[in-house]
Amino acid sequence: MKIIDYGKHDVDENDIESVVKVLRSNFLTQGPAVPQFELDLVGFCGAHDAVAVNSATSALHIACLALGLGPGDILWTSPITFVASANCGMYCGASIDFVDVDNSTGNMCIEALKEKLERARETNRLPKILIPVHFTGRPCRMAEIFKLSKQYGFRIIEDASHALGASYSDGSLVGCSKYSDVTVFSFHPVKMITTAEGGAALTNNKKIAQDMRLYRSHGITRDQEAMISPSSSPWYYEQLDLGYNYRMSDIQAALGSSQIKKLRKFVLSRRKIAHYFNSHLKSPLIILPKYSDYSSWHLYVVQLKLESISKNYDEVFNELRKKGIGVNRHYIPVHFHPYYRKKDFSHGDFPNAENFFQRSITLPLHTKLGIEDLDYIISMLEQVVR
Ligand SMILES: *Cc1c(COP(=O)(O)O)cnc(C)c1O
């Protein structure tokens with residue numbers, strides 16, 4: 001039986017050629033391909049600087065470090081996300097809390113954020129960093145979040161792992177970082193473009209960019225201007241802080257540069273599929289995501305009206321899998337995981353997120369799907385829930 005994956009990379013002969021060219025060159029890493037990919041990202045999104053790394057998880061970590069997050073500090077993010085959006089704060093020794101989501105989008109709820117900030121101000125527990133997550137590729141209401149950051153004095157890292165190619169309601173592209181200190185992308189194969197593993201952190205702040213580059217590579221600099229005891233000896237370098245090896249290789253970056261050329265096409269193709277689902281899924285037992293031309297449509301997540309369906313969640317899920325439809329579930333709320341439960345979170349803490357999770361099922365959406373796949377998914381889903 002044919003299996004329709006929920007997500008899939010789209011790699012063509014040009015991508016393969018670009019990678020092979022690097023393999024035949026003098027540099028497999030630390031050559032010209034990474035700076036070129038960084039320029040391509042900046043060129044596409046419009047920020048001043050991009051720092052390419054080996055994953056979005058690493059990008060989130062160095063962004064937190066560059067913003068000075070440490071023990072005693074607080075980081076807030078959304079419970080409806082991949083664990084990395086919260087783990088980056090734990091890496092820095094900070095404490096984590098969550099802001100409940102909006103029922104209809106799964107994005108951080110602005111009203112819940114305002115209330116939580118007001119309470120936090122009274123108890124002197126304001127966050128140092130807020131990480132909104134553009135769930136499924138639909139951008140959060142960043143202009144409002146940005147305004148709140150000025151009012152309450154917190155920094156913003158956008159987890160835009162889903163949202164490369166998406167735009168804000170004013171038309172500017174996610175990644176331009178006009179509403180945040182740093183924007184993070186992921187290039188895992190299921191995401192908008194791929195470098196196999198990889199990520200990037202974009203910013204308009206030179207100092208933040210410089211610090212992130214330092215943390216990417218052991219905390220080491222070869223830049224005389226940054227040194228404590230500058231020397232012009234060609235062998236000399238200094239470790240200024242404790243960094244990591246989070247570098248992206250030239251092999252990966254070449255794939256990224258080749259992929260980003262097709263990003264506009266990928267986004268259009270995903271929007272078309274989302275639009276097709278929205279106009280052809282008719283079952284009253286399913287709540288569809290609101291269609292938006294601003295979303296990059298990394299994921300297509302519908303809500304099952306379980307109270308009106310004669311099957312439970314797992315029955316629906318398993319039956320679809322049995323029919324070859326690679327449905328998935330995004331996401332188990334982060335505070336449900338045993339690691340976070342140990343930190344005093346429990347069921348009931350974020351009711352909208354928990355309700356959203358109970359009903360969410362992710363349908364396949366990627367650029368390789370044809371109309372016949374979409375029609376099959378639609379008819380099977382409607383049959384299974386009926
Ligand atoms: C994929 C993803 C990440 C992690 O990306 P990696 O590149 O795999 O480290 C982080 N946050 C969100 C929301 C993601 O979807």
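1. A polar side-chain atom of His162 lies 2.7 Å from an oxygen atom of the ligand, and an N or O atom in the side chain of Ser186 is 2.8 Å from a ligand oxygen. A polar backbone atom of Ala56 is 2.9 Å from an oxygen atom of the ligand; a polar contact is here a pair of N or O atoms within 3.5 Å.

2. These values come from a predicted model, in which local features need pLDDT of at least 70 and side-chain atom pairs count only at pLDDT 80 or more, while totals for chains, interfaces and linings use all residues. Residues are numbered from 1 along each chain as its sequence is written, and side-chain values use heavy atoms, with hydrogens and water left out.

3. The ligand is surrounded by 15 residues (a heavy atom within 4 Å), and the closest are Thr57, Asp159, His162, Ser186 and Lys191. By class, this shell has 5 nonpolar, 8 polar and 2 charged residues, with Gly counted as polar, and Asp, Glu, Lys and Arg as charged.

4. The secondary structure of the protein chain comes to 13 helices and 12 strands, taken as DSSP runs (H or I, at least four residues, for helices; E, at least two, for strands). The radius of gyration, over C-alpha atoms, is 22 Å, close to the 21 Å that the globule rule (2.2 Å times the number of residues to the power 0.38) gives for 386 residues, so the chain is as compact as a globular protein of that length. Along its principal axes, the C-alpha trace spans about 75 × 60 × 40 Å.

Note on methods. Polar contact = N/O pair within 3.5 Å; in protein donor to acceptor, adjacent residues only side chain to side chain.
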